[in-house]
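Visitor: I'd like a close look at one part of this model, the aromatic side chains and what surrounds them. Could you start there and then work outwards through the strands and loops?

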Amino acid sequence: GDEPTGDGDHSNSNRTVDFGFYGFDLVLDKSVDVGDGNDAAPAAPLDYTIVVRNDGPSTAYDVQFEDVLPAQTSFRSASASNGASVAQSGGRVNANLGTMARGDSVTLTIVVDVAGSAGGILVNEATVAAPGEVNLANNTDRVENPVDPQIDLTVEKSDSDDPVDSGDTFRYTLTATNNGPSDATGVQLVDHLPQGLSFVSASRPPSSTVGGILRFDLGNLASDDDASVEVTVKVDDDFFGTLLNRVEVSANETELNYANNEDEEPTTVRPKIDLEILKSDSDAPVRPGDTFRYTLEIRNNGPANATGVTVVDTLPASGIEFQGASQSPLSVDGREVAFDLGSLAAGDRREIEISVAVDQSFAGVLLNTAEVSGNETETRYDNNVDDVQTQVAAEPGTLSGNVYVDHNDNGVYETG
């Protein structure tokens, strides 16, 4: 006969009524917002969004939600779109979502902060449940986010002396600091020595010194830690000017701020000079009343040009008088005659002639001393002074009259 129930199912008994599936089906879908890509950043927030819906056909009662927060994170906040109370305890977030009719959905938002030292993979899992549910396959969802370690390395460079002189030895101090948030691995300092410097030694051996580029492997550097290297260098003997030394720091992790990964240190190198003076006289010996000349030869043996070159000629204390010079003196102060030669290039020479007159009554030795100086640092001082001795010989005397022997000591010339 005909199917009395009218359900089209002829396999069942006419005495049985088939009402079909009458339960509910809760579905949970979880996502996470980490910006670009899928990697989580240390010391940064993670925003989890969880959508719970009831696909019906029946109403779900006493719907319970739980989210297990990842290790290496700390809870910041949570909320539910239906106003349900959301609480966190011991790394678990729970909420009673109450009653959900067919087609209802609730959106939950959970915000956590990733630890600065976090690494590996952050795993977050959420579950929804209600009494009497049959299909539990879609009640749980999880997201996984690898942690991208991030660092902020800085480097600072200083010199032990400034200014320095050509040929000097001094030190650079290089300090690398990791401002975190993650630990840094494979930290390397690269020091670019400028022209005019040669490497002497370092407080830790460089891994490479090719072409004046020093590489130092610092290994690992924990967050908020630092490491220093002292580099001893020598200035070339013929260099003067400004040394500009540049250093860089790098590591394996993602760098947050490249602007402070490099530093420069300028060092002023004062030029060095070797001024020399030679002094000679035009006549020797001379006689009282004579006029003669002193010749001063001034040389700059380098390596740098000399500026502010001054010559001071100190005439003898007595027996001589200044008459003039081939160059106008800067000053004549008593026995000191000063000359301003200005600049003297490396390898150049200059001469000054000084005319003097010997006193009529003087006899003996005239000692004249001359000294040269400049603004720059001298490589040696023993040739900055020279002197010359000039013998003054008196005219031979003559006798007139008679010479006799006074035998009786009466002071009278007697014949016979």
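Guide: Tyr 172 is buried, with a relative accessible area of 0% (buried is under 20%, exposed is over 50%, partly exposed is in between, using a 1.4 Å probe and protein chains only). Keep in mind that this is a predicted model, where local features need pLDDT of at least 70 and side-chain atom pairs count only at pLDDT 80 or more, while totals for chains, interfaces and linings use all residues. Residues are numbered from 1 along each chain as its sequence is written, and side-chain values use heavy atoms, with hydrogens and water left out.

A pair of aromatic rings is described by the distance of the centres and the angle of the planes. Rings of Phe, Tyr and Trp (its six-membered ring) pair if their centres lie within 6.5 Å; planes under 30 degrees apart are stacked, over 60 edge-to-face, and the rest tilted. The structure holds 2 aromatic pairs. In one of them, Phe 170 and Tyr 172 have ring centres 5.1 Å apart and planes at 70°, so they pair edge-to-face. Phe 170 is buried too, at 2% relative accessibility.

Phe 292 counts as buried at 1% relative accessibility, and Tyr 294 counts as buried at 0%.

Let's follow Phe 292 into its strand. The bridge partner of Phe 292 is Val 356 in β28. Strands here are DSSP runs of E, at least two residues long, numbered from the N terminus, and two strands pair if DSSP finds at least two bridges between them. Strand β23 (residues 291-300) runs antiparallel to strand β28 (residues 349-358), and 9 bridges join them. Both belong to an open sheet of 4 strands in the order β22-β23-β28-β25, with antiparallel pairing. The edges are β22 (275-281) and β25 (320-325); each has a single partner strand, so one side of each has no neighbour in the sheet. From one strand to the next the twist averages 25°, with axes taken as lines fitted to C-alpha atoms and angles running from 0 to 180 degrees between N-to-C directions.

The peptide bond from Gly 302 to Pro 303 is cis, with omega near 5°, and Pro 303 lies in the loop between β23 and β24 (306-314). Strand β24 then pairs antiparallel with strand β29 (residues 364-373) through 5 bridges, and Asp 313 stands opposite Ala 370 in β29. On to β31: 8 bridges join β29 to strand β31 (residues 385-392), again in the antiparallel sense. Within that pairing, Gly 364 stands opposite Val 392 in β31.

Antiparallel β1 and strand β2 (residues 45-54) share 8 bridges, and Asp 33 has Asp 47 in β2 as its bridge partner. A charge over a ring turns up here as well: the charged end of Lys 30 sits over the ring of Tyr 48, 4.6 Å from its centre.

Gln 72, in the loop between β3 and β4, has a positive phi of about 70° although it is not a glycine. Gln 72 counts as partly exposed, at 35% relative accessibility. Asp 224 also has a phi near 70° and is found in the loop between β16 (213-221) and β17 (226-235). With a relative accessible area of 65%, Asp 224 is exposed.

Definitions and conventions: A charge sits over a ring if NZ of Lys or CZ of Arg is within 6 Å of the ring centre and within 35 degrees of the ring normal.
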